Amino acid sequence: MSRDATLLESLRAAVGESHVLTDPDLRATYETDWTRRWRGEATAVVRPSSTDEVVAVLLACAAAGAAVIPQGGNTGLVGGSVPRTVNDGPQVVLSTLRLREMQPIDALAGEVIVGAGVALAALQAHARPAGFGFGVDLAARESATIGGMIATNAGGIHVLRHGPMRAQLLGLEAVLADGSVVRRLPGMVKDNTGYPLSSLFAGSEGTLAVITRAHLRLVPLKARRAVALLGLDAAGTAVALAGELRRSLPQLAAAELFFDAGLELVLRHTGAQPPFRASHAAYLLVEVEGDHDPTGVLTDAVAAASVPLDAVIAGDEAGRGRLWSLRERHTEAISAEGVAHKLDVALPMARLAEFIDRVSLLVEETRPGSATYLYGHVCEGNMHVGIIGPAPDDEAVDDAVLRLTIEMGGTVSAEHGIGAAKVGWLEADRGMDDVAAMRAIKGALDPGWMLNPGVLLREGG
Ligand code: FAD
Ligand code: MLT
Ligand code: ZN
């Protein structure tokens with residue numbers, strides 16, 4: 001029997017025939033990423049429904065020398081969740097979508113244990129009746145899974161209040177390449193017992209272990225919210241105002257920045273009405289939350305702002321949703337224009353406005369005629385740079401933007417990860433010694449480089 005046939009037979013024994021997908025039509029959505037920039041062919045897609053089945057899948061793959069690509073909701077934006085284009089041996093996509101157990105909310109502690117394949121929106125719906133929310137939120141909430149969000153250490157719109165995914169993690173269960181199961185479930189808030197493996201796996205992008213379950217902290221649900229969209233004359237004014245509001249508004253839950261080109265694109269894509277009579281160079285969207293209606297507090301803070309601005313404020317759900325969609329729908333509006341080059345960088349706050357002013361000019365110099373859209377989470381200095389124009393495999397604009405980021409003291413991945421997209425940039429950002437330490441950890445936990453090879457760390461070397 002051929003190596004692939006033996007592999008398929010043991011995968012079927014592990015998870016059942018109907019959960020080993022080999023038909024190209026059934027595999028297709030697992031083989032192309034959300035951006036359509038990354039795709040590769042899988043020998044099979046396997047869909048285990050328990051930790052024991054994940055163990056059996058990894059043992060089967062190890063025996064066959066197959067690479068394993070863990071995949072959750074496949075909303076990742078750096079090519080880490082799909083098979084590689086060029087690979088020597090068999091590649092198996094391990095989909096976690098059937099790991100969707102949700103244990104009852106522990107209301108006393110404000111915590112919950114869930115399976116890695118649970119979607120963020122499902123977790124939010126599970127926690128809400130008990131009076132809890134989840135500290136991380138992002139626009140891909142209907143599809144992004146808890147396992148994928150841990151593996152990428154996802155950030156999103158509430159980092160300024162609750163921190164990224166790693167900060168929500170009390171413990172987890174994960175399967176290593178040799179089939180052993182590391183488990184800190186339940187985890188404790190205070191736990192100094194040895195190396196914090198859960199933190200290590202947060203941001204490991206499927207290269208160290210397959211996460212199967214997670215113990216998460218929840219946050220009190222704030223019943224009342226208000227949103228303001230502020231039109232401003234320049235990026236520098238918007239960044240300064242975000243800093244001012246962070247100080248003056250303890251209830252601040254989100255602060256998002258975008259620009260006129262992106263707003264125009266979203267309006268064209270969605271058919272929504274312009275929020276202001278005249279357009280502005282920059283837009284700052286801020287959200288406040290509280291147990292009582294915070295609209296008045298927000299209105300007062302906006303009125304006291306030290307810079308000239310135009311404002312629309314919404315306290316009702318429909319109005320808030322309309323304002324948020326102008327920001328959240330940037331991603332899909334850009335993707336509707338073509339296959340985008342997507343960079344996700346963070347700059348020191350003091351240099352963010354300068355970066356914003358320089359980056360569009362840099363893209364124009366590098367590939368004239370490209371369209372550049374900037375938007376992001378301003379309080380962390382996190383800008384998303386979406387570029388339409390250059391061919392998907394032309395990396396000149398990506399390289400130019402990432403080089404500028406490093407020159408200005410920033411980081412090449414703020415929240416999406418390194419993936420397959422930026423492996424060439426890890427050392428320039430982190431330095432040789434850091435990368436050598438990461439490779440040592442990888443070699444110790446996955447000596448055969450079976451888990452997501454080619455992602456985060458360059459193979460070989
Ligand atoms: P996938 O895309 O399936 O996988 C992502 C990575 O995690 C891959 O490397 C994969 O191998 C690994 N992985 C997945 N599951 C596991 C597991 N169980 N064990 C080990 N490794 C695993 N990201 C942000 O940080 N902030 C945002 O605001 C944000 N907004 C977004 C908005 C839109 C519209 C879209 C499309 C994406 C957005 N993202 C954002 C990116 C994406 O949603 C996140 O990276 C998310 O965490 C990915 O989750 P996923 O389940 O889709 O993971
Ligand atoms: C966002 O903040 O909208 C996301 O991280 C997705 C993107 O970069 O487009
Ligand atoms: Zn983002």
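The contact (heavy atoms within 4.5 Å) is made on the α13 side by R351, F355, R358, V359, L362, V363 and T366, and on the α14 side by A396, V397, A400, V401, L404, T405 and E407. These contact residues divide into 9 nonpolar, 2 polar and 3 charged.

The axes of α13 (residues 349-366) and α14 (residues 396-407) come within 10 Å and cross at roughly 155 degrees. That makes α13 roughly antiparallel to α14 (angles over 145 degrees count as such, on a scale from 0 to 180 degrees).

## Rings that pair

The structure holds 2 aromatic pairs (rings of Phe, Tyr and Trp whose centres lie within 6.5 Å; planes under 30 degrees apart count as stacked). One of them joins F258 and Y283, a stacked pair at 5.5 Å centre to centre with 20 degrees between the planes. F258 lies in strand β12 (residues 252-259) and Y283 in strand β13 (residues 282-290), so the pair ties together parts 25 residues apart in sequence.

F276 and Y283 are stacked too, with ring centres 6.0 Å apart and planes at 10 degrees. Is Y283 buried or exposed? At 1% relative accessibility, Y283 counts as buried (under 20% relative accessible area).

## About the model

This is a predicted model, in which local features need pLDDT of at least 70 and side-chain atom pairs count only at pLDDT 80 or more. Residues are numbered from 1 along each chain as its sequence is written, and side-chain values use heavy atoms, leaving out hydrogens and water.

Terms used. Chains lettered and ligands numbered in written order. Helix = DSSP H or I, 4+ residues; strand = E, 2+ residues; numbered from the N terminus. Parallel < 35°, antiparallel > 145°, perpendicular 65-115°, else oblique. Nonpolar A, V, L, I, M, F, W, Y, C, P; charged D, E, K, R; others polar. Phe/Tyr/Trp six-rings, centres within 6.5 Å; stacked < 30°, edge-to-face > 60°. Buried < 20%, exposed > 50% of the residue type's maximum accessible area, 1.4 Å probe, protein only.
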